[in-house]
Amino acid sequence: WDLVCGRAWLVATAQMLYFGGFLVGCVIFGSVSDRIGRRLTMLLVLSLMTVLGAVNACASHYLVFIALRFLVGSTSAGAMSTGFVYAIEIVTPPYRNAISNMYQCGFAVGFMALPWLALGLQDWHHLQLTMSLWVVLLVVAIYLYL
């Protein structure tokens, strides 16, 4: 979409809408997880995140892309916050600090691996699709083991 020079502000807009969705997702999915349960909410938001992220990889227009980024941001927030609370709730109090730190380490490793993945894939469509489809493994693991 030629998001350089005079149109570079569109990159910041897409990022801002992602984090706007993140804010909305924390509020919405926090309430949803209290009502229907953490496990079901995790399965719901991770499934939505996978589908919306895969569709986002196929976006052919900038407005479609940023609308989907907003929705992906909201489901990401739902997955992160619900997963964090779920992880903390299933362990006894003496281990909660260690579990919360280990939970965050996964994100740090993912952020460190992302540039290398982007370097290997070279196309944002493939990068977005790869980041979306790995979540299927997480959905299966939660469904089978939690």
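Asp-34, Arg-38 and Glu-89 are joined in a network of salt bridges, a salt bridge being a side-chain nitrogen of Lys or Arg within 4 Å of a carboxyl oxygen of Asp or Glu. The structure is a predicted model, in which local features need pLDDT of at least 70 and side-chain atom pairs count only at pLDDT 80 or more, while totals for chains, interfaces and linings use all residues. Residues are numbered from 1 along each chain as its sequence is written, and side-chain values use heavy atoms, with hydrogens and water left out.

The structure holds two salt bridges. In one, the side chains of Asp-34 and Arg-38 meet at 2.9 Å, N to O. In the other, the side chain of Glu-89 meets that of Arg-38 at 3.0 Å, N to O. This second pair links distant parts of the chain, with Glu-89 in helix H3 (residues 62–89) and Arg-38 in helix H2, 51 residues apart. Helices here are DSSP runs of H or I with at least four residues, numbered from the N terminus. Arg-38 has 16% relative accessibility and so counts as buried. Asp-34, at 57%, is exposed, and Glu-89, at 43%, counts as partly exposed.

The axes of helix H1 (residues 9–36) and helix H2 (residues 38–57) come within 7 Å and cross at roughly 135°. The axes are lines fitted to C-alpha atoms, for helices over the stretch in contact, and the angles run from 0 to 180 degrees between N-to-C directions. H1 is therefore oblique to H2, as angles under 35 degrees count as roughly parallel, over 145 as roughly antiparallel, 65 to 115 as roughly perpendicular and the rest as oblique.

Arg-96 lies in helix H4 (residues 96–121) and is partly exposed, with a relative accessible area of 33%. The C-alpha atoms of Arg-96 and Trp-134 are 27 Å apart, and these residues are separated by 38 positions along the chain.

On the surface, a nonpolar patch is formed by Ile-90, Leu-129, Leu-133, Val-136, Val-140, Tyr-143, Leu-144, Tyr-145 and Leu-146, which together have about 920 Å² of accessible area. Two or more residues of the patch come from each of helix H5 (124–133) and helix H6 (135–145), and H6 gives the largest share, five residues. Patches are made of residues with over 30% relative accessible area and no salt bridge: like charges are joined within 9 Å, nonpolar side chains (Val, Leu, Ile, Met, Phe, Trp, Tyr) within 5 Å. The areas come from the Shrake-Rupley method with a 1.4 Å probe, and for residues only the protein chains shown count as cover. Leu-146 is found in the segment after H6 and is partly exposed at 44%.

Helix H5 also holds Gln-128, which is buried, with a relative accessible area of 8%. Leaving aside neighbours within four places in sequence, Gln-128 is in contact with Gly-53, Asn-56, Ala-57 and Arg-69.

Note on methods:
Buried means under 20% relative accessible area, exposed over 50%, partly exposed in between (1.4 Å probe, protein chains only). Contact means heavy atoms within 4.5 Å.
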